[in-house]
Every structure is written in C-alpha cells, then in structure tokens.
Amino acid sequence: MIKVAVDAMGGDYAPSEMVAGAVEAVKAQPGIQVLLVGREDVVTSELSKHTYEKERIQVVNATEVIATEEPPVNAIRKKKDSSIVVGMNLVKKQEADAFVSAGSSGAILVGGQVIVGRIKGVERPPLAPLIPTETGVSLLIDCGANVDARPSHLVQFARMGSIYMEHVMKVEKPRVAIVNIGAEEEKGNALVKETFPLLKECRDINFIGSIEAREIPHGAADVIVCEAFVGNVILKLYEGVGATLISKVKSGMMTSLRSKIGALLVKPALKSTLKSFDASQYGGAPLLGLNGLVVKTHGSSKANEVKNSIIQCVTFKEQGINEKIKESLKAVNKED
C-alpha cells in the first residue's frame with residue numbers, strides 16, 4: 001500500500017476539494033492509502049460527508065496553516081505544526097511515500113529542500129508539470145522553482161525530465177529540447193547559448209536542439225527545458241489562452257438558433273477534444289530531485305486534479321524515479 005500525505009488545508013477550495021479528491025483517489029486506485037494532514041476537527045467533519053473505506057484514509061492533525069502571502073522561509077521555520085511542514089516530515093521520516101499540496105508554492109519549494117532534502121548531487125530541484133499538446137503531453141521543466149538557473153542546472157533538468165518521461169509516461173527515448181527564440185544554435189540569451197553545447201554532449205539524453213514557444217503545443221518535444229521564469233510564463237500563457245479559447249467557443253455556439261443546433265451536433269466530439277487539453281487530468285507538478293516525492297498542484301485545484309495528483313504518485317514510486325535519478329547522477333560523475 002502506497003501512502004500519500006495530502007495537505008487538506010492548502011488551496012483555494014480547501015478542505016472540501018482536497019478531501020473529495022482523496023476519497024475519489026482511494027476509490028479509483030486500490031493500492032493507495034491517504035493521510036489527510038490538517039485541522040483534525042475540520043477535516044473529519046468534511047470526511048463525514050463521504051462514503052469510503054475507513055482504513056484507507058487517515059487524518060493527521062496539524063493545527064496551523066501557511067498562507068500564500070507569508071514569507072516562505074519564515075513560515076517553514078516558525079509554523080512547525082502547519083499542514084505543509086507536518087506533511088513533509090511524514091515523507092522525511094518515511095511514514096508517507098509522497099506529499100501532495102495545493103498550498104503556498106514558496107513554502108512547498110523551501111520545505112521540499114529544507115525538510116525532505118535534495119538527492120546528493122542534485123544542484124536545484126525543478127518543478128515539472130505535464131502540459132497537454134496536439135500529440136499527447138510534454139514535460140515543462142522548470143516552471144517555477146529556479147528563476148536564476150545556471151547551465152549545469154538546466155543539464156540536470158534535462159536528465160531528470162528525460163527519466164520521468166521515459167519511466168512514468170512510457171515515452172521511448174524522449175525528445176529533449178531547450179526553449180529558444182529561434183532554431184539556430186547561435187541564437188538565444190547567454191544562458192541558452194552556454195547550455196546548448198552542454199546538452200549536445202550528453203549521451204544519456206535524446207537532445208534535439210532548440211524549440212520555439214509556438215512549437216510547444218504541437219508536441220515537437222517531450223521534455224522542454226528552461227529556467228523557471230521562462231517556464232512559468234509559458235505555463236501561465238498556456239493556461240490563459242486555453243481558458244479564453246474555450247470560453248470563446250462556448251459563447252460563439254450560443255449566438256443564434258443555428259449555432260445552438262450545431263453545438264448539439266458537435267458536442268460529443270468537442271467535449272472529447274477539450275478534455276484532452278485539460279491539464280487537471282495529468283495531476284500536479286512533481287518537485288524532482290528530492291529524497292522523497294513532493295507534488296505541487298494548482299492553488300485552484302478541484303477534486304479531479306487532486307485525485308490525479310495522488311494517483312500519479314503511485315507510478316512515480318513503483319518506477320523508482322528517485323533511484324533512477326541517483327543512478328544517473330552516479331553514472332555522470334563516473335564519466336567526469
């Protein structure tokens with residue numbers, strides 16, 4: 001049984017959606033036990049609204065909550081009984097295999113490194129969400145953890161991202177590309193120009209060169225490497241454009257009787273297409289390179305995304321991603 005600790009108090013819709021997602025996860029996946037971390041009375045009250053196997057969901061009391069506007073370092077240091085700190089300590093003590101939270105991004109990033117700790121040799125753990133594309137999904141790495149990354153960091157991102165896509169998403173020889181403003185090798189800022197030749201020299205990844213932002217939705221690469229400032233802009237624009245297009249399509253279909261009739265005819269096909277571009281079905285963003293698994297979900301996560309974030313922890317654990325990252329780093333160090 002894989003144990004996943006869930007921050008019941010983090011996110012815009014906590015605790016109701018976090019609890020609902022936990023219940024859906026244990027119903028969908030037989031091999032999961034969920035530890036809901038938060039104010040015991042509040043979480044227990046929310047759980048009473050659901051029907052589930054009692055032995056598969058446990059409440060772990062945490063009396064404090066870290067708000068999104070709090071300085072992350074101070075919050076982690078001072079709020080020892082917060083749901084984030086308590087949940088991460090469960091992973092550190094190996095009382096849980098993973099921790100999922102929709103709470104403060106800064107606190108999760110700081111807590112991941114300070115409490116759970118980095119794998120020896122990992123310079124900077126990156127956040128790596130899956131984003132929908134025309135051909136399936138791609139891994140965007142980094143999307144929010146390291147805004148001032150160095151070339152060596154991006155090389156590690158490429159290696160860890162490649163391992164994740166190959167073993168979790170079952171992509172054979174995943175194509176790795178670096179985000180750039182053109183396809184030519186000589187283009188880009190100082191970071192990209194310095195990183196490009198280093199990626200070319202990596203024998204353990206399938207590096208295909210640069211990728212322009214417009215090629216990302218077409219699925220031109222499986223692992224998209226960048227520093228966190230660029231990655232976060234890509235992710236937020238992706239989400240914003242997607243939401244706007246869906247809104248425009250829906251409103252356009254309601255403009256006349258003819259369009260309403262057409263909407264009824266295309267509704268099944270359209271629903272299926274839009275679902276494939278719904279990022280929530282792929283779960284959250286793992287913070288790769290830690291001694292345990294920490295997954296950050298959107299602050300606006302509803303039950304479905306929480307459920308999928310919990311379920312993705314199973315594949316991560318079963319495939320031994322952390323062990324594979326350790327092996328990869330050892331092999332690289334031997335070569336050096």
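How many residues of helix 4 (residues 83–92) are buried? The answer is 8 of its 10, so this helix is mostly covered, where buried means under 20% relative accessible area, exposed over 50%, and partly exposed in between (1.4 Å probe, protein chains only).

The model is predicted: local features need pLDDT of at least 70, side-chain atom pairs count only at pLDDT 80 or more, and totals for chains, interfaces and linings use all residues. Residues are numbered from 1 along each chain as its sequence is written, and side-chain values use heavy atoms, with hydrogens and water left out.

**View 1. Helix 4 and the residue after it.**
The buried residues are Ser83, Ile84, Val85, Val86, Gly87, Met88, Leu90 and Val91. Gln94 follows helix 4 and has a positive phi, near 60 degrees. Helices (H or I, at least four residues) and strands (E, at least two) are DSSP runs, numbered from the N terminus.

**View 2. The nonpolar cores.**
A nonpolar core is a set of buried Ala, Val, Leu, Ile, Met, Phe, Trp, Tyr and Cys residues joined through side-chain atoms within 4.5 Å. The largest has 61 residues. Within this core, Val34, Leu36, Leu47 and Ile310 touch the most other members. Helix 6 (residues 151–167) supplies the largest share, 8 residues. Another core, of 39 residues, lies apart from it and includes Leu90, Phe99, Ile216 and Cys226.

**View 3. Leu47 and Thr44.**
Leu47 touches Val19, Val23, Leu36, Tyr52, Ile57 and Val59, not counting residues up to four places away in sequence. Contact here means heavy atoms within 4.5 Å. Thr44 sits in helix 2 (residues 40–47). Thr44 is partly exposed, with a relative accessible area of 41%. The C-alpha atoms of Thr44 and Val19 are separated by 9.4 Å, and the two residues are 25 residues apart along the chain.

**View 4. Asn146 in its loop.**
Asn146 is in the loop between strand 6 (136–141) and helix 6. Asn146 counts as buried because its relative accessibility is 3%. Its contacts, not counting residues up to four places away in sequence, are Arg124, Pro125, Pro126, Phe157, Glu227 and Ala228.

**View 5. Thr195 in helix 7.**
Thr195 belongs to helix 7 (residues 190–200). Its relative accessibility is 0%, so Thr195 counts as buried. The side chain of Thr195 reaches the backbone oxygen of Leu191 at 2.7 Å. A polar contact is a pair of N or O atoms within 3.5 Å; within protein, one must be able to donate a hydrogen and the other to accept it, and residues adjacent in sequence count only if both atoms are side-chain atoms. Leaving aside neighbours within four places in sequence, Thr195 is in contact with Pro151, Leu154, Val155 and Ile178.

**View 6. Ser309 in helix 10.**
Helix 10 (residues 303–318) contains Ser309. At 0% relative accessibility, Ser309 counts as buried. A polar atom of its side chain lies 2.9 Å from the backbone nitrogen of Gly284. Apart from neighbours within four places in sequence, Ser309 is in contact with Val100, Gly283, Gly284, Val295 and Thr297. Ser309 and Ser101 are 208 residues apart along the chain, and their C-alpha atoms are separated by 9.1 Å.

Leu257 is placed in helix 9 (residues 257–276). Leu257 counts as exposed because its relative accessibility is 66%.
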